[in-house]
Each structure stands twice: as C-alpha cells, then as structure tokens.
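Please examine the structure below. The questions that follow take up its parts in turn.

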Amino acid sequence: MPRTSRIAVPAALFLALSACATHAPEPDRPLKAALTTPTDAVLTWHDDRPGVAGHVLEFATEEDGPYTVLQYLPRQVTTYRHPDLIPHTTFHYRLRSYSGPTSAPARADRTDSIRFTWTDESDDEDGFLLEIRGKGATRYEPIAVLDPDVTSTELATLPGEKRASYRIRAFVLGERSNVVRLTTGE
C-alpha cells in the first residue's frame, strides 16, 4: 500500500503541472475558450499582427451561424467573460479583426448629449466606431457602432463623459479566427 501512495504523488504532480503549463500562441488558432463555471465562459486570444486596431467577438449556437456580435474590443483587450449562458447548450465563438484610420469628429455639446459630425473619407468601410477615452484613461474604447456612410451621431452622455476625449474610426473587417466550441453544464 505505501508503494501505491509514492507513485500517486508524482502522477498527481505531473497532472497538476500539465494543467498549469502555459500554451504558446498558435497563430492559426488564436482563440481559446473555457468554462469557469457551468454557465460562464472565458475567451482568450493572442493577436500581435501589425495594423490590427481591435477585434469583434461573435457567438452562435450553430457552427455555421448566424453569429451575433458580443462586443467590439480594442487591440489591448485579449480576454472576455461571457456570463450566465443557457445551461446544456453548445456555443461557438469566433473573432474578426478590424482596422482603419481615426479622426477627431466635430462635436456640439448639448444638455444631456453630444452631437458628433465627421467627413466620410473612405469608400470601403464596413462601418464607423465612435471611441471614447475617459479622463485619466490611457486608451480609447469603442462605445458605438455605426453603419457605413454615416457622418453624424448623437451620444446620450453619462456623468463624466462630457470631459472625455472622442474619436471616430472608419473600420474595415479583417479575417476571421478559428471557431471554438463549448457546451455549458447545469
């Protein structure tokens, strides 16, 4: 019996070390998914390609879609938690990169909103992102997705957003990542 316990410890240690090992990024499979609870998924990815401004994270319940946009995420964000999923359901996730130039829109402050206007200088955009950099923040984050050829929008502001910096990005969607699949528990 003591011999069994001596063997069990190294085996358990090996399994624990394997589970803790970091995985090198796989350029052709940058997206990974895991359940952290039976109904909460965490998605992680790695993308250091030059020119990528951010990613669009999408999900579907069938591998062929239709896919629904979860979030537009700036380049620096490489993880997303998708909470409170439907139990006993299979979900498929994928990323699309986006890129595009930015410009400062003209703004007209109103009592509870800001009206932005800009010039559409591209002819092949998939849309525009209105991005915000809050006071003291170091990066811009998308807060509104607008259709192609749109040249104005109005943003109802929350406290503190009047002092924020804004920019508009004409974006073009890039290639899609691998699709990851996971099935929720109870």
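Q: Which strands each supply at least two residues of the lining of the second largest pocket, and which gives the most?
A: This is a predicted model, in which local features need pLDDT of at least 70, side-chain atom pairs count only at pLDDT 80 or more, and totals for chains, interfaces and linings use all residues. Residues are numbered from 1 along each chain as its sequence is written, and side-chain values use heavy atoms, with hydrogens and water left out. Strand S7 (102–103) and S13 each supply at least two residues of the lining, a strand being a DSSP run of E of at least two residues, numbered from the N terminus. With three residues, the strand that gives the most is S13.

Q: Which residues of the lining lie nearest the centre of the second largest pocket?
A: A pocket is an open set of points on a 1 Å grid over the protein atoms alone, where a 1.4 Å probe fits, with protein on both sides within 12 Å along at least five of seven lines; lining residues have an atom within 4 Å of a point. The lining here has 13 residues. Those nearest the centre are Pro 101, Ser 103, Thr 119, Glu 121 and Ala 170.

Q: Is Arg 169 buried or exposed?
A: Arg 169 is found in strand S13 (residues 165–176). Buried means under 20% relative accessible area and exposed over 50%, with a 1.4 Å probe and protein chains only. Because its relative accessibility is 8%, Arg 169 counts as buried.

Q: Which residue has its backbone oxygen 2.7 Å from a polar atom of the side chain of Arg 169?
A: Arg 169 touches residues including Tyr 98, Gly 100, Phe 128 and Glu 131 (heavy atoms within 4.5 Å). The backbone oxygen at 2.7 Å from its side chain belongs to Gly 100.

Q: Which residues touch the most other members of the largest nonpolar core?
A: A nonpolar core is a set of buried Ala, Val, Leu, Ile, Met, Phe, Trp, Tyr and Cys residues joined through side-chain atoms within 4.5 Å. The largest has 16 residues, and strands S2 (40–45) and S6 (90–99) are among those that each supply at least two. The residues touching the most other members are Leu 31, Leu 43, Trp 45, Leu 57, Tyr 80 and Tyr 93.

Q: What is the mean pLDDT of the protein chain?
A: pLDDT is the predictor's confidence in each residue, from 0 to 100. Over residues 1–23 the pLDDT is below 50, and where pLDDT is low, the predicted coordinates should not be read in detail. In the protein chain, 85% of residues reach 70 or more, and the mean is 86.

Notes:
Helix = DSSP H or I, 4+ residues; strand = E, 2+ residues; numbered from the N terminus. Polar contact = N/O pair within 3.5 Å; in protein donor to acceptor, adjacent residues only side chain to side chain. Lists of a residue's contacts leave out its neighbours within four places in sequence.
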